[in-house]
Amino acid sequence: MLSKVLAGLAALSLPLTAAVIAPPTAAASTVRLAAAEWAAWTAYAAGARVTYNGVEYECVQAHTSQPGWEPPNVPALWKVATGGGTDTTAPSVPGNLRSTGVTDTSV
């Protein structure tokens with residue numbers, strides 16, 4: 001009995017997801033789960049999806065999150081799934097470079 005109560009409490013501590021049901025189409029109905037907001041001290045399995053600052057991320061390596069391991073900070077754990085922006089322009093080449101403080105033994 002106690003193990004069932006503990007299992008129920010553990011399930012309540014997991015991030016919740018909301019089911020969003022799309023309107024039925026002629027072919028079939030589609031059910032999509034909205035990603036939960038990222039949270040520290042949460043166990044994430046590979047493939048889990050979260051949102052952080054309006055961007056959806058997919059977990060690429062199972063882990064338990066910690067403060068500082070927010071999705072944009074650790075690309076080894078998270079990849080952008082959707083909403084990652086549209087900037088595809090490479091940075092420009094720096095020009096007019098110079099070095100100051102040059103001596104006989106250092107630059």
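**Buried residues, ring pairs and strand pairing**

Q: Are Trp-38 and Tyr-52 buried or exposed?
A: Trp-38 and Tyr-52 are both buried, a term for residues under 20% relative accessible area, with over 50% called exposed and the range in between partly exposed (1.4 Å probe, protein chains only). The model is predicted, so local features need pLDDT of at least 70 and side-chain atom pairs pLDDT 80 or more, whereas totals for chains, interfaces and linings use all residues. Residues are numbered from 1 along each chain as its sequence is written, and side-chain values use heavy atoms, without hydrogens and water.

Q: How many aromatic pairs does a search of the whole structure find?
A: The search finds two.

Q: Why is the pair of Trp-38 and Tyr-52 called edge-to-face?
A: The ring centres of Trp-38 and Tyr-52 are 5.9 Å apart and the planes stand at 90°, so the pair is edge-to-face. Rings of Phe, Tyr and Trp (its six-membered ring) pair with centres within 6.5 Å; planes under 30 degrees apart are stacked, over 60 edge-to-face, and the rest tilted.

Q: What makes this pair a tie between parts of the chain?
A: Trp-38 belongs to the loop between β3 (36-37) and β4 (43-44), and Tyr-52 to strand β5, so parts 14 residues apart in sequence are tied together. Strands (E, at least two residues) are DSSP runs, numbered from the N terminus.

Q: Why is the pair of Tyr-44 and Trp-78 called edge-to-face?
A: With centres 5.1 Å apart and planes at 75°, the rings of Tyr-44 and Trp-78 form an edge-to-face pair. The pair links distant parts of the chain, 34 residues apart, with Tyr-44 in strand β4 and Trp-78 in strand β8.

Q: Why do Tyr-44 and Trp-78 count as buried?
A: Tyr-44 has 6% relative accessibility and therefore counts as buried; Trp-78, at 2%, also counts as buried.

Q: Why is strand β6 described as largely enclosed?
A: Four of the five residues of β6 (residues 55-59) are buried, so the rest of the structure largely encloses this strand.

Q: Which strands pair with β6?
A: Strand β5 (residues 49-52) runs antiparallel to β6 and is joined to it by four bridges; DSSP must find at least two bridges for strands to pair. Thr-51 has Glu-56 as its bridge partner in β6. β6 also pairs with strand β8 (residues 78-82) in the antiparallel sense, over four bridges, and Tyr-57 stands opposite Val-80 in β8.

Q: Why does Gln-66 count as partly exposed?
A: The relative accessibility of Gln-66 is 31%, so this residue counts as partly exposed.
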